[in-house]
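Trainee: I have a new structure on my screen and I'd like to learn how to read it. Can you walk me through it?

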Amino acid sequence: MSKLIKIFDTTLRDGEQSPGCSMNLKEKLQLARQLERLNVDIIEAGFAAASPGDLLAIKEVAGVIENTTVASLARTHKDDIDKAWEAVKDAVSPRIHTFIATSPIHMEYKLKMSPEAVMDRAEEMVKYAKKYLSNIEFSAEDATRSDVDFLAKIFTRVINAGATTINIPDTVGYTTPEEYYDFISKIRSKCPALDKVDISVHCHNDLGLGVANSLAAIRAGATQIECTINGIGERAGNASLEEIAMVLNTRKDIYPYTVNIDTKQIMRSSELLSSITGVKVQPNKAIVGANAFAHESGIHQHGVLNNKETYEIMTPESIGLHENKLVLGKHSGKHAFNDKLVAMGYNLDKEELAAAFTRFKEVADKKKEVHERDIDAIVSRQNIAVPKEFELERFVINSGNTITSTAIVNIRTNNRTVEKVATGDGPIDAAFKAIEKIVGRKLKLEDWSMDAVTEGKDALGDATVKLRDNGHVYIGRGLSTDIVEASVKAYVNAVNKMKFEEKQEQEIS
Ligand SMILES: CC(=O)SCCNC(=O)CCNC(=O)[C@H](O)C(C)(C)COP(=O)(O)OP(=O)(O)OC[C@H]1O[C@@H](n2cnc3c(N)ncnc32)[C@H](O)[C@@H]1OP(=O)(O)O
Ligand SMILES: CC(C)C(=O)C(=O)O
Ligand SMILES: [Mg+2]
């Protein structure tokens, strides 16, 4: 078998560091399960010392993931390492990932430590982590702006102390493919101990070179690539997992390596992440953008009609962009629905299945045809559902181009129905104002958007609402064939998330 290139997914850690991409515990669990289906080798589930909530989320992920290593990030501090261990110790395969910066600018101005002290600390903390477990990754933050001889020394010491993976990150997205190839080759020649461990790379996209640099690193001997779904991450993001996986899958002639990723799960992973964060993928994004497999111009269409390979270097099916197969209808029962879910890679418990089936029937009643992407939307929203402190019962809206829109909304909360009336600038605004009155709190609507999940006049509308309160942003999603209903559901979902997260924070603190 050819050499394995391990895929280390850091969507839940570095990805979550991007503005607007924070996720609650349920959302992290949902995404972690999808990453396991995608078959990544390592899930970096968070940074345990960052907050009690982060520690709890990693712990929960570690408790449910069976086939993938689960890692927590930790500074080179005893307390961080204790917390990281507490978070991952129940994992089937735990890893602690500890890091310290090695570039002159970071050591002098940020850490205020001498290079000798950094080296001593790194060695000491790897030894400290070793008392807990054997699988330890060490990262030299800002490696690409660090001195090669210094890196060779620190890597030799941490490997002798027990590190099993050495990461050489391009933290600020500064390097280029040729330079990175030479840099890694030089470090390898000065540090023979690297041949005994996995060499990892972690590339940021500040110059748009994250993927290209990761590929150059593979040719220089890297055996682990750190990346994120949709390329999210600090600043301009990280190298995108789907791009790396598809390059390695499509260009085996240049990269004759084994990669464990199930590429058919790529589209679903990308859509799930967008659905959780409310951050959409740009249409021309490679692999997962809406236009990635679209052919608009006549000459291209002519070519594709004669032979798809004239303009398609990979098939849409290879990333799980299925042909919108008609799957089930309103006469289908729970068994057929569950069989289909299993075939699509879902594994729901009894309660989740019952709730998803109810939603499926509601959708099937309104839509003639239920496609796999509709089911993806139903299931992913379902799992992310939080306790319904507020539940929409019904609404009536009076709207038109010559009258002020008026909404009457009835919501069930605390075992009673509350009804409020409000006027607004259009039907959706009126409905949102009525809900705000019921919640009894002034909420800032930061964003609202609507997408069609599938095509056609009976497409499911997928509404996203972003509410800001007390410095936090809460993202709600709503699905319906009716865009006002989808929006109202999304608003209520955002309010429920706000209440859920507030309660969680109170419980943890
Ligand atoms: C390149 C990366 O992505 S690194 C990961 C970045 N991610 C994050 O920072 C998200 C989570 N971070 C947090 O929640 C907080 O920053 C915490 C909880 C980790 C620390 O919070 P605070 O104690 O308030 O410290 P603050 O963030 O202001 O400063 C960082 C401190 O850690 C030190 N530090 C930074 N990196 C390291 C390291 N790898 N090893 C040891 N110490 C470090 C800094 O020198 C500074 O120390 P000081 O408090 O003695 O001056
Ligand atoms: C913690 C490290 C690996 C990191 O995120 C970076 O260097 O960008
Ligand atoms: Mg990073």
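**Reading the model step by step**

Mentor: Let's begin with one residue: serine 114 counts as exposed because it has 11 C-beta neighbours inside 10 Å. Keep in mind that this is a predicted model.

Trainee: Where in the chain is serine 114 found?

Mentor: Look in the loop between α4 and α5, where α5 covers 115-130.

Trainee: Now the strands. How do they hold on to each other in a sheet?

Mentor: In general, strands of a sheet pair through backbone hydrogen bonds, and the pairing is either parallel or antiparallel. Here, one sheet is a closed barrel of eight strands with parallel pairing, running β1-β2-β3-β4-β5-β6-β7-β8. On average, neighbouring strands of this sheet are turned by 25° against each other, if you ignore direction.

Trainee: Which strand does β7 join through three bridges?

Mentor: That's β8: β7 (residues 198-202) and β8 (residues 224-227) run parallel and are joined by three bridges.

Trainee: Which helix lies across β3 and β4?

Mentor: Helix α3, residues 78-88, does, and it runs at about 165° to β3 (69-75).

Trainee: And what would an antiparallel case look like?

Mentor: Go to the open sheet of three strands, ordered β14-β15-β16, where the pairing is antiparallel. Its edge strands are β14 (444-452) and β16 (472-480), each pairing on one side only. Neighbouring strands in this sheet are turned by 15° on average, direction ignored.

Trainee: How many bridges do β15 and β16 share?

Mentor: Nine bridges pair β15 (residues 461-469) with β16 in the antiparallel sense. For one example, aspartate 462 stands opposite leucine 479 in β16.

Trainee: Which residues are around ligand 2?

Mentor: Among them are Asp14, Glu141, Asn167, His202 and His204. This shell divides into three nonpolar, five polar and two charged residues.

Trainee: Last one: which domains does the chain have?

Mentor: The domain assignment gives domain 1 (6-277), domain 2 (291-321), domain 3 (326-381) and domain 4 (391-508). The C-alpha centres of domain 1 and domain 2 are 34 Å apart. Their contact takes eight residues from domain 1 and six from domain 2. On the domain 1 side, α9 (241-250) and α10 (266-277) are the elements giving two or more residues, and α10 has the largest share, with three. That side of domain 1 has three nonpolar, three polar and two charged residues.

Methods
Residues numbered from 1 in each chain as written. Chains lettered and ligands numbered in written order. Predicted model: local features only at pLDDT ≥ 70, side-chain atom pairs only at ≥ 80, totals over all residues. Domains from an automatic or database assignment. Contact = placed C-beta atoms within 7 Å. Helix = DSSP H or I, 4+ residues; strand = E, 2+ residues; numbered from the N terminus. Nonpolar A, V, L, I, M, F, W, Y, C, P; charged D, E, K, R; others polar. Pairing = 2+ DSSP bridges. Axes fitted to C-alpha atoms, helices over the stretch in contact; angles between N-to-C directions. Buried ≥ 20, exposed ≤ 12 C-beta atoms within 10 Å, placed from the backbone. Near = placed C-beta within 6 Å.
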